[in-house]
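Reader: I would like to learn how to read a model like this one, feature by feature. Could we go through it together?

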Amino acid sequence: MEMPTFTNATSINVANNFFYNCGRDIVINDDEEYVLDLSAMFPNKNLEYVNLGGTFAGCGFTKIILPECSQTKSFMDGRNTFSQCPNLKYLDLNGAIFKHRDFRNAFGNNPQLETIDFTGVKLVAIQYLNGAFSGNPKLKNIIVGEGEYVDLTDVYDTSNPTEPQYLFQNCSSLTDLSMFKMYANNNRWNSTFYGCSSLTKLPIFIDLESGAETKHLTSVNYGFEGTFNGCSGLIDLSEYTFEMINPYNNGMNSCFYGCKSLIHMGRIICKGSF
């Protein structure tokens, strides 16, 4: 596909769904690439603003490269941005800064996606992470720089931190999530790791109040329904505590269902009605 070049652009405000379904029906052979290189479209490295809401949803590219921008840049509105791309295998975020509350299904439901390069990436003022990486059965590689993490702790509202339900659901090829940092204090843990059958290492969990690492996970009102359902690679959770405060009826339904290798279980605490 021939793309225009915006040599002198200093900011971009891409309309929602700008590349929606673009090239979706093109048949791609295994040895072919269909690349969307926005760094070539926008060569000015001082770009400061990009709006990517739903921009690439459903497009047929095998590889997407975001533009390299200044460190003041802001990639707004993450919801559905890279979702349902039938051929996408490699996503290079090129050190982007995402600043938006809503990351629901941002990278979800890409049946061929194998690699996301998060090197230098920052996520700022986030809140909704529902299904952000869900439905990527071939996703194996989350690339970060040396000493870096995919940090999910810069939240919009500390009184109501991120909602990670379905966050990694059915990412059946992921083995290691220790490059992620996320709060241990969340309301909704429903199906967060559901179907992650290869998973052996969980994210690093951070206590909201102290900022210290912890393995004490809490849920207010919603519990841990289906959280580890199908995680057949997990062996030892003995260091973890799962605390529910006034959970609804479903509590821990199917939380560890299908955890065939799990032989060491942690503590479960319930406060209030159950």
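Author: Gladly! Let us begin with a cut-off: a residue counts as buried when its relative accessible area is under 20%, and as exposed when that area is over 50%. Keep in mind throughout that this is a predicted model.

Reader: Then is F61 buried or exposed?

Author: F61 has a relative accessible area of 1%, so it is buried. The residue sits in the loop between β2 (49–51) and β3 (63–65). Its C-alpha lies 9.9 Å from that of L91, and the two are 30 residues apart in sequence.

Reader: What should I look for next among buried residues?

Author: In soluble globular proteins, nonpolar side chains tend to be buried together. Here the largest nonpolar core has 61 residues, and those with the most contacts inside it are I64, L93, I116, F118, F133, F168 and F193. The elements giving two or more residues to this core are β11 and β15 (241–245).

Reader: Which residues does F133 touch, leaving out those up to four places away in sequence?

Author: With those left out, F133 touches F107, G108, I116, F118, L167, F168, C171 and F180.

Reader: Now the charged side chains, please. How many salt bridges are there?

Author: Side chains of opposite charge can pair when their charged atoms come close. In this model the count comes to 5 salt bridges. One of them joins R188 to E163, at 3.8 Å from N to O. This pair links distant parts of the chain, 25 residues apart: R188 is in the loop between β11 and β12 (204–206), and E163 in the loop between β10 and β11. R188 is partly exposed at 25% relative accessibility, while E163 is buried at 11%.

Reader: Which residue forms a salt bridge with K215?

Author: That is E239, with the closest N and O atoms 2.6 Å apart. Again distant parts of the chain are linked, since K215 lies in the loop between β13 and β14 (216–220) and E239 in the loop between β14 and β15, 24 residues apart. K215 is partly exposed at 35%, and E239 is exposed at 56%.

Author: A further salt bridge brings together the side chains of K271 and E243, at 3.0 Å from N to O. Here the link runs between strands, with K271 in β16 (residues 267–271) and E243 in β15, 28 residues apart. K271 is partly exposed at 45%, but E243 is buried at 8%. Finally, R79, D102 and R104 are linked in a network of salt bridges.

Reader: How do I read the sheet, and which strands stand at its edges?

Author: Start with the strand order: 4 strands form an open sheet, β10-β11-β12-β13, with mixed pairing. β10 (150–151) and β13 (213–214) stand at the edges; each has a single partner strand, so one side of each is left without a neighbour in the sheet. β10 runs parallel to β11 (residues 180–183), joined by 2 bridges. Within that pairing, D151 stands opposite K181.

Key
Residues numbered from 1 in each chain as written. Predicted model: local features only at pLDDT ≥ 70, side-chain atom pairs only at ≥ 80, totals over all residues. Heavy atoms only, no water. Pairing = 2+ DSSP bridges. Core = buried A, V, L, I, M, F, W, Y, C linked by side-chain atoms within 4.5 Å. Buried < 20%, exposed > 50% of the residue type's maximum accessible area, 1.4 Å probe, protein only. Contact = heavy atoms within 4.5 Å. Salt bridge = Lys/Arg side-chain N within 4 Å of Asp/Glu carboxyl O.
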